[in-house]
Amino acid sequence: MQHTHYTSTFTQKKHPITIICENVTNAPNIGSLFRACDAFGIEKLIFCGSDIPLGRKMTKTSRATEKVVNYQVEETILPIVNKLKNEGFTVISLEITTNSQALNQYKFNTSKPIALIIGDENFGVSEEILKLSDATLHINMFGQNSSMNVVQATSICLYEITKQFSTK
């Protein structure tokens with residue numbers, strides 16, 4: 001029998017993970033990020049940038065998860081990243097770079113909270129933020145395309161992080 005929202009047996013749990021979105025501005029992506037953050041029990045979702053669309057197009061995709069996910073909107077990312085670093089977060093950027101490490105081979109420090117930075121749908125994580133990151137991770141890809149949708153990549157990364165938190 002297929003389960004519904006009311007009959008699933010998953011245990012609710014919060015993980016010490018904050019997602020920081022650098023100029024993610026596509027309304028359906030934002031709605032999907034709310035859903036992913038709810039699904040993986042993320043502590044906080046922070047949108048950085050101007051013109052973050054939180055209206056009807058976003059809520060159509062979010063399926064009301066914006067009502068249960070702790071989130072905030074900030075104009076600029078730099079103060080947020082610096083604040084979390086000062087609070088002891090491990091800052092991880094999800095981006096393909098010359099020095100990025102494969103997600104499936106990375107060992108997360110599960111004794112510290114994690115700030116996962118995801119970037120602009122077209123340009124990724126900025127160079128300024130990459131330099132502040134404790135690690136930069138990528139998802140190995142085997143097709144012709146060199147990137148994937150920001151929400152798909154975030155969900156894959158959250159699966160790996162929460163899996164490691166669950167096995168500690």
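Colleague: Before we start, what should I know about the model?

Modeller: It is predicted, so local features need pLDDT of at least 70 and side-chain atom pairs count only at pLDDT 80 or more, while totals for chains, interfaces and linings use all residues. Residues are numbered from 1 along each chain as its sequence is written, and side-chain values use heavy atoms, with hydrogens and water left out.

Colleague: What is a salt bridge here, and how many are there?

Modeller: The rule asks for a side-chain nitrogen of Lys or Arg within 4 Å of a carboxyl oxygen of Asp or Glu. That gives three salt bridges.

Colleague: Which residue pairs with K83?

Modeller: E87 does, with the closest N and O atoms 2.8 Å apart.

Colleague: Are K83 and E87 buried, exposed or partly exposed?

Modeller: Buried means under 20% relative accessible area, exposed over 50%, and partly exposed in between (1.4 Å probe, protein chains only). K83 is partly exposed at 47%, and E87 is partly exposed at 44%.

Colleague: Where do K85 and D134 lie?

Modeller: Helices (H or I, at least four residues) and strands (E, at least two) are DSSP runs, numbered from the N terminus. K85 forms a salt bridge with D134, the closest N and O atoms being 3.1 Å apart. K85 sits in helix α3 (residues 78-86) and D134 in the loop between α4 (127-132) and β7 (135-138), so the pair ties together parts 49 residues apart in sequence.

Colleague: And what about E160 and K163?

Modeller: Their closest N and O atoms are 3.2 Å apart in a salt bridge. Both lie in helix α5 (residues 150-166), three residues apart, about one turn of the helix. E160 is buried at 11% relative accessibility, whereas K163 is partly exposed at 39%.
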